[in-house]
Amino acid sequence: MSKRQIYSSFIFLILLSSTITLSLFWFHRYESITTVTFLSVGEGDAILISQGSNQILIDGGRRSKDLLSHLGRHIPFWDRTIETVIATHPDADHIGGLPDLARTYTVNQFLFTGAESETDIFSLLRKSLEENHVTKDRIFEGSLINLPRGGTMEVLFPDTPLPPETKESNKGSLVIRFTYGETMMLFTGDLPSEEMFIPNTGPIDILKVSHHGSRYSTSSVFLGQITPKEAIISVGKNSYRHPSPDVLKRLEEKHIVIRRTDQDGDIQYICTEVSHQCVFVK
Amino acid sequence: MRKDQFFFFLCISFILGVFVGSFFLVPWFAILLCFALWITLTLSFPSRLMFVFFIFLGVFFFGIFSVRASLDEFREVHLPLGTVSGSMRVVSDPEMKNFFEEVILSTDVCTSSFCPNKKILWHAPITLDISRGARIDFSCLLSLPKNFDDAFDYRMFLAKENIAYVCEKATVFTPLLPDHISKLYTLLFTPKKFFERALERSIPAPESGLALGLLVGGDHRLPEALSQAFVTTGLTHIVAISGYNIALIAQGFIIFGLFLGLWRKQALWFALVSIVLFVFLVGAPASAVRAGIMGSCVFLGLFSGRLSSGIHILTLASATMLLFNPLLLRFDIGFQLSFLATLSIILSAPFIRVYFPKPFFGKGLLEIFLLTLSVELFVGPIIAYQFHIFSPFALMMNMLVLPFVPYAMMTSFATALSFLILPGLHILPAGIAYLFLRMITFSVEQVGKREGASQVVTLPLSIFVLWYVLLCLLFFFLRKYIFRSYVKKTDIQ
């Protein structure tokens with residue numbers, strides 16, 4: 001073996017071991033971090049909670065192209081499984097991207113209130129879930145999802161599973177509280193007049209504003225009840241004039257930091273075991 | 001005049017005729033008057049030259065006539081409206097839109113009094129499970145497509161695919177049992193479905209959409225913002241299946257053929273047969289067929305090593321395509337881009353070969369730069385004319401991104417194949433493919449969102465035509481000059 005070959009092999013070994021060390025370090029860090037990302041999918045909701053190779057998706061936006069392209073930016077290319085998909089209610093702007101999601105990713109379980117819809121998109125979702133053998137379960141108040149490395153999701157509303165023929169879907173929206181260490185987040189779907197449906201909810205830190213900032217939600221009474229520090233509005237181009245100026249005013253009056261997906265793009269919080277809380281990163 | 005030159009000028013005359021007929025409103029009486037005048041002149045002063053010109057002019061007028069006849073077919077007064085009923089055949093892959101699926105239908109058996117002989121664009125419900133080749137019992141009140149934007153002639157965009165009607169809400173749409181044609185379609189297009197599914201399952205979006213755009217063509221799988229960024233950065237041609245992509249694929253097959261132990265000539269035939277199979281694999285849409293023909297022209301032209309044969313093949317291929325569908329010249333941006341990009345490569349490649357015959361460090365990069373510059377000179381004005389956009393970064397982006405494209409295509413193809421053959425093994429090629437694809441999307445996103453990445457321009461037709469005339473003259477004189485200096489050099493040696 002020539003000197004040159006010895007040197008080359010030596011350099012190659014150093015590079016290889018550094019790459020492996022860095023990858024292991026990155027992988028360890030990646031597995032221990034929890035992220036909560038409000039995806040910018042236009043006028044619709046999609047929230048990804050990711051903890052290493054475990055993912056929970058709450059709602060799927062309106063269009064699959066938007067949903068999948070944003071998910072692809074937050075899930076590593078080799079991870080093609082989303083463990084849990086939750087649909088807060090069966091409206092097109094919350095389930096529109098889910099039929100294609102079930103086709104392109106492996107979805108282990110689909111959780112919903114039980115309410116169904118007669119729309120084309122819901123039929124498509126039902127068919128896609130059946131074809132891809134996704135387990136369906138109904139969740140309601142008291143249902144709990146524990147993440148393997150810390151973090152709990154608790155369903156606050158509705159009180160009972162809903163019958164399939166439920167007509168007014170917004171009023172049956174799932175409300176979920178996510179707790180990680182000292183941080184509490186509240187995901188309200190499209191629920192109107194929240195103070196009436198979830199009167200006992202205590203203070204939280206981050207609120208996902210209901211119904212894309214509709215004036216029928218997020219009242220001063222409700223804001224006074226939950227006293228959030230930050231509010232996320234999942235909104236895009238729409239003809240309903242969402243978010244309502246009234247809602248923005250109410251939030252500003254309470255000195256709540258407002259973040260909007262139509263202006264800021266994907267909004268992400270990182271939760272670490274060390275800090276024991278979730279902090280805004282982008 | 002040699003036979004091949006005569007044939008070449010015949011094709012050019014036809015293409016010029018189609019061009020004049022497409023862009024200028026030539027009245028019928030003017031066409032007939034000119035033709036009668038020329039017949040009189042030829043008969044009054046008979047000579048061989050006059051006779052040859054008579055033939056060229058006849059073909060030129062035939063070009064004008066054919067495009068005018070096609071345009072007339074799609075004029076509102078010649079398109080009666082009514083309710084069509086009967087059995088229809090799905091002749092396109094359903095394309096998902098926001099609230100419906102876009103499906104193209106052709107009439108199989110018409111049972112109503114109104115029977116259109118043109119295709120129908122149907123807004124089908126998203127829940128309907130149909131694929132290309134399916135037959136459906138159908139009834140719908142047809143309307144004409146509407147132009148929503150002054151800058152974009154949607155009606156003629158559809159007309160170039162022989163679509164004249166739109167059905168927004170069908171009253172009857174029941175899938176019928178498959179017949180032997182449906183079964184044949186299923187057999188032919190099943191590989192494409194598997195291929196698409198394999199890529200979507202193994203590479204995350206939007207990179208899977210880009211991989212499919214590169215291999216199968218079309219930017220409809222990309223999110224709107226990224227698709228727009230490709231236009232802004234002057235890279236939209238890589239996601240529309242074009243002669244460029246096909247030429248790259250052909251090159252890949254040649255290398256593979258040589259690797260298998262084939263001789264050079266055998267490898268060329270292997271590549272050409274593979275192009276035909278590839279066009280079928282992607283579903284043989286008209287755009288892919290045209291790209292296949294253009295790509296083969298580049299390939300044959302470059303392989304023969306003679307500039308003139310490349311141009312002759314391209315001219316013949318384009319004239320043949322226009323003979324079947326003269327509307328392509330004006331209304332199909334894909335045809336225009338493919339033709340001009342192919343022409344630019346055929347024209348500039350021999351110059352590079354003559355000027356830089358010996359290998360040196362960085363020759364590959366210089367070649368890419370010169371070819372990209374040449375393609376930009378030909379393609380830039382047509383993008384400015386059609387999209388009203390000028391991309392100052394287009395040249396830089398093309399130079400930056402194009403070298404990665406063959407690798408992205410190759411590894412994406414390998415990913416899909418390994419996913420189909422041995423799922424699980426695909427992770428390795430998928431990782432490499434993702435790296436290349438992500439490099440492309442990252443650079444397009446970063447440059448696309450820069451202020452001034454694209455400028456709005458309005459290019460008048462006169463400037464547009466003048467540009468191409470000057471460009472062709474430049475290449476013509478350069479060719480003569482190079483030929484002379486090449487002859488001098490070989491004389492001295």
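Let's start where the two chains meet: across the interface of chain B and chain A, nine residue pairs are in polar contact, both partners at pLDDT 80 or more. A polar contact is a pair of N or O atoms within 3.5 Å; within protein, one must be able to donate a hydrogen and the other to accept it, and residues adjacent in sequence count only if both atoms are side-chain atoms.

This is a predicted model, where local features need pLDDT of at least 70, side-chain atom pairs count only at pLDDT 80 or more, and totals for chains, interfaces and linings use all residues. Residues are numbered from 1 along each chain as its sequence is written, chains are lettered from A in the order in which they are written, and side-chain values use heavy atoms, without hydrogens and water.

Next, select Glu207(B) and Arg73(A). They form a salt bridge, with the closest N and O atoms 2.9 Å apart (a side-chain nitrogen of Lys or Arg within 4 Å of a carboxyl oxygen of Asp or Glu). The interface has four salt bridges by this rule.

Now highlight helices H5 (180–202) and H18 (427–448) of chain B: each supplies at least two residues of the side that touches chain A (helices are DSSP runs of H or I, at least four residues, numbered from the N terminus). H18(B) gives the most, with seven residues.

Zoom out to the whole contact (heavy atoms within 4.5 Å). Chain B brings 27 residues and chain A 22 residues.

Finally, pick Ile421(B), in helix H17 of chain B. Is Ile421(B) buried or exposed? Ile421(B) is exposed, because its relative accessible area is 63% and exposed means over 50% (1.4 Å probe, protein chains only).

Key: Buried < 20%, exposed > 50% of the residue type's maximum accessible area, 1.4 Å probe, protein only.
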